[in-house]
Amino acid sequence: MSFHFSLPCRRRLLVTGFPKLFFTLRQHYPLSIITMSNSQDTLKAAQSYPTPLSPPLPLISKDVELARAMTASSRSSLYTLSRSDVLYEDGWLIVVNKPQGVYCESVLDSVPQLLGDKSGGLGEGHEGTSTRPELHLANRLDRDTTGVMVITKSHKVASKLVKAFTEHKNRKTYIALCVGSAPKWEKITIQSGHGRSKFGAWRVYAASDVGQTLPGGSIVRDMETSFEVLSVNGQGRYKEIMEFTKDEENVILVERKAVIDGDAKKDEILVRAFPRSGRTHQIRLHCQYLGNSIRGDVKYEGVYEWRGRIYDGHELHAESLSFEHPITGLPVMFQAPLPLWAMQALQPS
């Protein structure tokens, strides 16, 4: 229940024997309007927020993530991009293979030196003239994620790519090494909500919660990822990248918390992921929900120590990125070579 007292009510309050009440309210609220809300209304409002369906961050993650961040800051400050890291370059784009444990901004900062080694400090324009490049990150990867990262050489190209990526006019594939029970499916698609919980962590929400408001004012957004299994415990093979065909019978529409058997046998599962939306930590969250967290991903219940080894970061690789070239209009696909851990996962142990 709420009581609203407007400015004309002051005299009536004082005359009718409520001076003490008015004095107390006046100390805390503007004279133009005084509002009192009882605790039941406040509780009801708090309970109206959607409930996250993935677990909160594990306790171990705070200390491990802090140590990793400090190591990455030191490593990033010393990072220098080499010509062998470049996957593609033309007058408008430079595509690189980002290493693990280095921040995207540090890769971007090292590009001018690489271009300078080639053209005396200036980037080569598309007509063969030398112009100073206006470098921008077209896509971002998490600190420990490796693989394809695109950098544009002008504001015009950057704005075109940002628009294309925002409208999902691109296609991405990722490779992840997960630890969990071997799945019964070969291909699967998971659809859910995505948003920040009241503590600021990214969480999985029900698909039916999409559009609902979260603490802090943000909203739950849709999130969809398809997966295909490449190998289990080294049994399997690498498959060429092809368009993923969704099997409507193997679609998980998330509406409740996942039930995971913590005592089940743990396997090493190499998967390829096809994200159809670009949400923060999307693949990592969906792997966690499926009960197959990415190895080393302590933030989302991935193993920190596995078979006698401690992992310094999660094992997720941006394998390929496809889109329409912002200048030529031709379709292009950039692919990064598999990291060592992915190649090892394809070999029988």
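# Close-ups of a predicted model

**View 1. E228 and the residues it touches.** Leaving out residues up to four places away in sequence, E228 touches E186, K187, K239, F244, L270, V271, R272 and F274; a contact here means heavy atoms within 4.5 Å. E228 sits in strand 12, where strands (E, at least two residues) and helices (H or I, at least four) are DSSP runs numbered from the N terminus. Buried or exposed: which is E228? E228 counts as buried, at 8% relative accessibility. Buried means under 20% relative accessible area, exposed means over 50%, and partly exposed is in between (1.4 Å probe, protein chains only).

The model is predicted, so local features need pLDDT of at least 70 and side-chain atom pairs pLDDT 80 or more, while totals for chains, interfaces and linings use all residues. Residues are numbered from 1 along each chain as its sequence is written, and side-chain values use heavy atoms, with hydrogens and water left out.

**View 2. Helix 7, a mostly covered helix.** Eight of the eight residues of helix 7 are buried: Q282, I283, R284, L285, H286, C287, Q288 and Y289. What do they pack against? Their partners are strand 9, strand 10, strand 11, strand 12 (221-232), strand 15 and strand 18 (316-324).

**View 3. Cysteines without a disulfide.** A disulfide is a pair of cysteine sulfur atoms within 2.5 Å. How many does that rule give here? The count is zero. Take C287: the nearest cysteine sulfur, that of C178, is 3.8 Å away, and C287 is in no disulfide. C287 is buried, with a relative accessible area of 3%. C104 is buried too, with 3% relative accessibility.

**View 4. The largest pocket.** About 870 Å³ of space lies in this pocket. To find pockets, a 1 Å grid is laid over the protein atoms alone: a pocket is an open set of points with protein on both sides within 12 Å along at least five of seven lines, and lining residues have an atom within 4 Å of a point. Of the 29 lining residues, K172, Y174, S277, G278 and R279 lie nearest the centre. Helix 6 (155-166), strand 9 (170-180), strand 15 (267-275) and helix 7 (282-289) each supply at least two residues of the lining, and strand 9 gives the largest share, four residues. By class, the lining has 11 nonpolar, 10 polar and eight charged residues.

**View 5. The second largest pocket.** This one has a volume of about 340 Å³. Among its 16 lining residues, S181, P183, I260, L290 and N292 are closest to the centre. The lining divides into 10 nonpolar, three polar and three charged residues.

View 6. Strand 10 (residues 187-196) and strand 11 (residues 202-205) run antiparallel, joined by four bridges; strands pair if DSSP finds at least two bridges between them. Five residues lie between the strands of the hairpin, and G200 takes a positive phi near 90°.

**View 7. Stepping back to the protein chain.** The chain has eight helices and 19 strands. Of its 349 residues, 45% count as buried. Among contacts between residues at least 6 apart in sequence, 72% join residues at least 24 apart.

How values were computed:
1 Å grid on protein atoms, 1.4 Å probe; cavity = no way out; pocket = protein on both sides within 12 Å on 5 of 7 lines; lining within 4 Å. Points joined across faces, edges and corners; volume = space filled by probe spheres on them. Nonpolar A, V, L, I, M, F, W, Y, C, P; charged D, E, K, R; others polar.
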